[in-house]
Amino acid sequence: MRILLLTHAFNSLTQRLGSELRQLEHTVSVEFDISDSVTEEAVSLFAPDLIIAPYLRRAIPESVWSRYVCFILHPGVVGDRGPSALDWALAAGLTQWGLTVLQAEAELDGGPVWANASFSLPVASKASVYRQHVTEAASVAVLQAVARFTSASFVPQRPASSYWRPMMRQTERAIDWQRNDTATVLRKVRAADGFPGVADSLFGQPCHLFDVCPETTLRGPPGQIIARRETALLRATCDAAVWIGHVKRPGGIKLPTTLAFIDESATVPQAPELDWWRAKSPTWQDICYEEVDQVGILHFEFYNGAMSTVQCERLRAALVWAKQRPTNVLVLTGGTDFWSNGIHLNVIEAASLAGGSAADESWRNINAMNDLALELITTEQQITIAAVAGNTGAGGCFLARAADLMWVREAVMLNPHYKNMGNLYGSEYWTYSLPRRVGLEAAKAIMHNRQPLTAKQALQISFSDACLPGDCNDFQETVLHLATKLAAAPDIKAQLTTKSEARERDEAAQPLADYRQQEMTHMHRNFYGFDPSYHVARHHFVYKALASWTPRHLAIHRELGWKLP
Ligand code: COA
């Protein structure tokens with residue numbers, strides 16, 4: 001079939017569905033929901049057999065849904081309707097939830113049901129549930145709905161009963177710092193994270209809160225900001241305290257809290273310092289290390305996978321330290337939502353807002369990222385493994401590829417290319433790592449085509465070394481099991497010797513410094529040259545500017561020469 005994905009953005013859910021439908025040999029094209037007339041134009045160009053709307057913020061025009069079957073994905077159970085489905089479910093502390101594939105009609109979320117899937121609702125942020133549980137359920141339910149649509153005998157039914165829940169308002173999300181305990185504060189913020197956050201204030205100034213984590217040992221008067229650690233501030237609740245990792249000030253962008261309130265945070269006392277070992281009780285620790293037998297595990301979890309200059313420098317320091325440990329294998333786990341999405345575009349944008357230079361901060365950030373990648377590539381005493389449980393994009397993919405082995409969870413989407421960010425050339429030694437893995441022609445195609453890869457596709461083209469099933473917990477268990485086996489292999493020392501010899505040969509053929517210098521020549525032009533595309537694209541990305549067209553590489557019906565078969 002010809003299937004049109006009508007969507008607000010090419011987010012990871014849309015990417016996943018597109019890849020899975022193509023695997024079933026459907027012809028898939030994408031159109032961004034820009035206006036009714038643009039949607040109508042796309043439909044007349046593509047003449048789809050079916051329209052699927054994975055992620056919309058507006059209703060589909062009647063001119064389209066009255067002529068074509070349109071599937072709407074609603075992140076709620078059958079009968080649930082309204083725009084804040086996940087927010088209400090998380091705020092209520094429900095433990096089971098679901099996703100429904102409905103047919104679009106005049107009444108919002110009121111059409112007949114083509115398929116649905118349910119899942120256990122974890123204690124996690126809304127964005128995390130969306131990227132993992134909703135996406136997984138969507139992939140099952142959409143494929144079932146498409147099969148039913150193809151069979152022509154299936155008649156979708158209206159739910160026996162339904163209810164409409166309105167948009168959740170900030171008054172319903174508000175935190176009472178004098179009365180709310182830690183569990184309540186965490187639940188409220190997580191139900192609003194990544195968007196819209198909880199409207200609150202810090203240092204008497206309004207802001208929206210995101211990215212929270214419990215603290216169990218430090219205490220203070222309820223509501224008071226009692227400590228800082230790295231990028232987070234600790235605020236007391238009525239029974240303990242909560243770390244606040246990110247905030248958005250009015251008119252601003254989402255930033256690490258101590259950067260958004262840089263002067264005010266400087267007056268807050270430092271929390272007791274932690275070393276790299278994993279803390280015994282829950283606290284804010286974005287980088288930590290543990291050991292199991294001969295395996296070192298370096299955990300790092302950066303919000304949204306974005307890695308600022310300072311975060312790269314700290315992670316490199318932790319890596320240098322971990323490399324001195326008496327282990328044979330070193331696993332880098334990354335976050336569960338994102339392994340890494342490369343340099344921190346929001347922090348870079350903030351540099352220009354503070355009267356500094358976004359180009360200078362971009363340069364510092366990519367150099368810090370490269371130093372980290374170099375440290376990984378040149379590890380001698382351990383086999384290194386990037387254990388990729390969450391999505392990863394741009395420089396994050398090549399940081400992972402800097403490890404000897406890259407093991408990817410089956411549900412992960414990879415975007416190993418840079419050009420979408422204003423034609424960025426990219427660094428992280430990709431010119432060294434990518435062609436060696438996939439060959440020169442495939443490397444060029446990956447960079448040029450800018451298409452996402454599923455974990456299975458990444459393995460098929462040898463970009464990665466393993467595709468492992470299961471949820472994040474299953475994945476971590478499998479990784480640990482396989483890493484422990486590898487560390488205990490009788491020939492592990494021989495494997496390390498072979499690795500060192502291969503690195504020496506590569507270095508003799510072309511030094512890593514050469515690859516870096518060539519990449520950075522291009523990056524210098526991206527950051528400081530006459531073409532401002534990168535700065536414009538970054539600005540639009542961090543301010544979430546609405547798309548005004550669909551990129552040609554996604555909208556095949558807009559390709560020159562496109563003809564209906
Ligand atoms: N810097 C700062 N924030 C980033 C980021 C980065 N490099 N990459 C992603 N984010 C943020 C997004 O702004 C979004 O923020 P929100 O919490 O306010 O919504 C959040 O992470 C999730 O991103 P989203 O685009 O919704 O996730 P996705 O899974 O649908 O798509 C990517 C993933 C990687 C395709 C997409 O985020 C992307 O293109 N990121 C930019 C990658 C990049 O160009 N990095 C710089 C070059 S190395």
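Colleague: How do β15 and strand β16 pair, and over how many bridges?
Modeller: In this predicted model, β15 and β16 (residues 295-300) run antiparallel and are joined over six bridges.

Colleague: Which residue in β16 is the bridge partner of Ile287?
Modeller: Ile287 has Phe300 as its bridge partner there.

Colleague: What holds strands of a sheet together in general?
Modeller: Strands pair through backbone hydrogen bonds, in either a parallel or an antiparallel way.

Colleague: What is the strand order in the open sheet?
Modeller: The order is β15-β16-β17-β19-β21-β24, which makes six strands with mixed pairing.

Colleague: Which strands stand at the edges?
Modeller: β15 (287-292) and β24 (466-468) do. Each has a single partner strand, so one side of each has no neighbour in the sheet.

Colleague: And what is the twist?
Modeller: From one strand to the next, the twist averages 20 degrees.

Colleague: Which strands does helix α10 lie across?
Modeller: Helix α10 (residues 309-323) lies across β15, β16 and β17 (329-332), and its angle to β15 is about 20 degrees.

Colleague: New topic. How many disulfides are there?
Modeller: The count is zero. A pair of cysteine sulfur atoms would have to be within 2.5 Å. For Cys238, the nearest cysteine sulfur belongs to Cys213, 18 Å away.

Colleague: What about Cys397?
Modeller: Cys397 is in no disulfide either. The nearest cysteine sulfur is that of Cys467, at 14 Å.

Colleague: Is Cys397 buried or exposed?
Modeller: Cys397 is buried, because its relative accessible area is 0%, and the cut-off for buried is under 20%.

Colleague: And where does Cys238 fall?
Modeller: Cys238 has 38% relative accessibility, so it counts as partly exposed.

Conventions:
Residues numbered from 1 in each chain as written. Predicted model: local features only at pLDDT ≥ 70, side-chain atom pairs only at ≥ 80, totals over all residues. Heavy atoms only, no water. Buried < 20%, exposed > 50% of the residue type's maximum accessible area, 1.4 Å probe, protein only. Pairing = 2+ DSSP bridges. Helix = DSSP H or I, 4+ residues; strand = E, 2+ residues; numbered from the N terminus. Axes fitted to C-alpha atoms, helices over the stretch in contact; angles between N-to-C directions. Contact = heavy atoms within 4.5 Å.
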